[in-house]
Every structure is written in C-alpha cells, then in structure tokens.
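Work through the exercises below with the structure in view. Each task is followed by a solution in steps.

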Amino acid sequence: MHELSLCQSVIETLQRESLQHHYQRVKRVRLEIGPFATVDEEALRFAFEVARSETLAEGAELEIIRSEARARCRSCSNSFAITERFDPCPLCASHELELLSGEELRIVDLQVE
Ligand SMILES: [Zn+2]
C-alpha cells in the first residue's frame, strides 16, 4: 500500500524535525493534498494510524486539506484553477496546459509539545 510508505515518510520527517525543533510529541498534523495526488484519503487515514503507533506521533490527529490544482495555458498564458486534469483553458479552449500544482502531498503545519 503506497499510502503507508507516504505516512512512514511523514513520520520520519516529524522525527527528524523534532531533533531540530526540540519537541517530544506531535499532537496534530495537517497535510495538504492536491486533487491529482495519487492518494486515497481513507487509505491515508488508516495508514497514518498504523505508521504513527509507537512513535512521537502516537495518537496524533490527522487533518487533511484539499488544495486546489492550478494550470497555466501554453497558448494564452492564462493561469486558472482546474478540477479535471484534461480541462481546457477557459479563455481559449486550448488543451496545451502546464500543471502548476495539484500533485503535491506536503505537511502544512504541526501542533507539537
Ligand atoms: Zn488559453
């Protein structure tokens, strides 16, 4: 399950950061997930529960924020929010788009003690 390895790397990041920022426990993690990230939210929540056990994030709450995807049109340089990967440009209807964001999974912030 690929969500589990994602969560394990999130936990590893938390552990690494805890040494730099001197915290012992993580109480809440906010993750931002782009609409085109290949992540299943249910699976991610389950994987997080597995990955956090016996770590500094044991019992931590997981909050998931869905970010919006943005693309830029290569024909008219318009940049806009998209909901489907193959949406056309709303101005010129071109499909020549460059995806600016939407595939990311990142830690937005933490509540620690
Ligand atoms: Zn366009």
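**Exercise 1.** Which side chain of opposite charge is nearest to Glu-3, and how far away is it?

Solution. The model is predicted, so local features need pLDDT of at least 70 and side-chain atom pairs count only at pLDDT 80 or more, while totals for chains, interfaces and linings use all residues. Residues are numbered from 1 along each chain as its sequence is written, and side-chain values use heavy atoms, with hydrogens and water left out.

Step 1. Lys and Arg count as positive and Asp and Glu as negative; His and the chain ends are not counted. The nearest side chain of opposite charge to Glu-3 is Arg-66, 8.6 Å away.

Step 2. A salt bridge needs a side-chain nitrogen of Lys or Arg within 4 Å of a carboxyl oxygen of Asp or Glu. Glu-3 has no salt bridge, although it is buried (buried is under 20% relative accessible area, exposed over 50%, partly exposed in between, with a 1.4 Å probe and protein chains only).

**Exercise 2.** Find the salt bridge between Glu-41 and Arg-66 and say which parts it ties together.

Step 1. The N to O distance between the two side chains, Glu-41 and Arg-66, is 3.4 Å.

Step 2. Glu-41 belongs to helix α2 (residues 41–52) and Arg-66 to strand β2 (residues 61–66), so the pair ties together parts 25 residues apart in sequence.

Step 3. Glu-41 is partly exposed at 27% relative accessibility, and Arg-66 is partly exposed at 41%.

Step 4. A network of salt bridges links Glu-41, Arg-45 and Arg-66.

**Exercise 3.** How many salt bridges does a search of the whole structure find?

Step 1. The search finds 9 salt bridges.

Step 2. One of them joins Glu-98 and Arg-72, with the closest N and O atoms 2.8 Å apart. Glu-98 is in strand β5 (residues 97–101) and Arg-72 in strand β3 (residues 69–73), 26 residues apart.

Step 3. Another joins Arg-85 and Glu-103, at 2.9 Å between the closest N and O atoms. Arg-85 sits in the loop between β4 (79–82) and β5, and Glu-103 in the loop between β5 and β6 (105–112), 18 residues apart.

Terms used
Helices (H or I, at least four residues) and strands (E, at least two) are DSSP runs, numbered from the N terminus.
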